[in-house]
Amino acid sequence: AEAELLRVQRYESLALLASGLSHDLRNVLQPIAMGVAMLRDDPNEEIRKVGRLIEESTQRGLEIVASMLSFARGSRAAVHRVSIASLIDGLVMLLRGSLARDVELVVDAPDRALEVEGNATELQQCLLNLCLNGAQAMPGGGTLRVASRTLALDAGFFEPGETVAPGDYLRIAITDSGVGMSQEVQERLFKPFFTTKEKGTGLGLLSCRRILANHGGVIRIDSAPGKGSTFSIYLPMAAAEATVGGAAATALGRGER
Ligand code: ADP
């Protein structure tokens, strides 16, 4: 419990820092982006070229700021019941258009009516991050597989620092046939700003884990160099829909404990 608390506190201060930093940075970058756009039509070729470089870098800075902000926002989202169907369909819609043509997307889901409790936008953001990572790990093309099923987890499944909550979970596994990861990379995956990509932010997986933690979920990785990777997320299943009176009673019961 103490380790968990420490991690939550570390997350919170990181989020606070990210939020402050990104607002400040945005205020610095936006006027540069606006100003440099004026160089686009400069008669001097050399100046146009420098302008383009500045514009690209500024754009890149603004993207990093945007992902820092979405990481920082993390914990304040509205919670609803979300069906597997809406999660998977939303994901496929987001992916359509962003996957290279030589990446084949294969999706299989269990009973689409099953539900988890949470924020659909956040969960989709997390799934999208994992899928785009998978796609980026397959520069020569390959298969991106999204498979979901339900399973019971016991206390032994959870690692130190995670909230131990045995019960029924939804597992969504995202498998790519890409380059895979060395042990060394796997150990550093969740470090803020760790990236092996030229244009990476190194915040994608961290923000995934944060979103999952807010949902009582966890993430597991199975990967080897040259063999591709599977990122599996586990989300607690929502209890079967109760009648209105019943639901209120359950909520009260929970509050008292
Ligand atoms: P970013 O994608 O911006 O680099 P992430 O936190 O999402 O940030 O990922 C961190 C690093 O983890 C990546 O730079 C990459 O080295 C590694 N990684 C993540 N997903 C995969 C994957 N599916 N296959 C191989 N490497 C991956």
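## Gln-136 and helix H4

Gln-136 is part of helix H4 in this predicted model. Is Gln-136 buried, exposed or partly exposed? Gln-136 has 17 C-beta neighbours inside 10 Å, so it counts as partly exposed, since a buried residue needs 20 or more and an exposed one has 12 or fewer. Along the chain, Gln-136 and Asp-176 are 40 residues apart, and their C-alpha atoms are separated by 9.4 Å.

Helix H4 covers residues 120-136, which makes 17 residues. From its first C-alpha to its last, H4 reaches 24 Å, close to the 24 Å expected at 1.5 Å a residue. The helix is mostly covered, with 12 of its 17 residues buried. Among the buried residues of H4 are Leu-123, Cys-126, Leu-127, Leu-130, Cys-131 and Asn-133.

## The sheet

In what order do the five strands of the open sheet lie? The order is S2-S4-S5-S7-S6, and the pairing is mixed. Strands S2 and S6 (218-224) are the edge strands, each pairing on one side only. From one strand to the next, the twist averages 20°.

Strand S5 (residues 167-176) pairs with strand S7 (residues 228-236) in the antiparallel sense, over eight bridges. Within this pair, Ile-172 has Ile-233 in S7 as its bridge partner. Helix H4 packs on the sheet and touches S2, S4, S5 and S7. The direction of H4 makes about 30° with that of S5. Helix H3 (residues 84-95) lies across S2, S4 (142-153) and S5. Relative to S4, H3 runs at about 165°.

## The loop at Ala-109

Ala-109 sits in the loop between strand S2 (103-108) and strand S3 (115-118). Why is Ala-109 classed as partly exposed? Ala-109 has 17 other C-beta atoms within 10 Å, and this class applies because the count falls between the limit of 12 or fewer for exposed residues and that of 20 or more for buried ones.

Leaving aside residues up to four places away in sequence, Ala-109 touches Ile-84, Ile-88 and Ser-148. Ala-109 and Ile-172 are 63 residues apart in sequence, while their C-alpha atoms are 8.5 Å apart in space.

## Around the ligand

Which residues come nearest to the ligand? Of the 22 residues around the ligand, these are Asn-133, Ala-137, Thr-195, Gly-200 and Gly-204. Helices H4 and H6 (204-214) each supply at least two residues of the shell. By class, the shell has nine nonpolar, 11 polar and two charged residues.

Key
Residues are numbered from 1 along each chain as its sequence is written. This is a predicted model: local features need pLDDT of at least 70, side-chain atom pairs count only at pLDDT 80 or more; totals for chains, interfaces and linings use all residues. Helices (H or I, at least four residues) and strands (E, at least two) are DSSP runs, numbered from the N terminus. The expected span of a helix is 1.5 Å times one less than its number of residues. Two residues are in contact if their C-beta atoms, placed from the backbone, lie within 7 Å. A residue is near a molecule or strand if its C-beta atom, placed from the backbone, lies within 6 Å of it. Ala, Val, Leu, Ile, Met, Phe, Trp, Tyr, Cys and Pro count as nonpolar, Asp, Glu, Lys and Arg as charged, and the others, Gly among them, as polar. Two strands pair if DSSP finds at least two bridges between them. Axes are lines fitted to C-alpha atoms, for helices over the stretch in contact, and angles run from 0 to 180 degrees between N-to-C directions.
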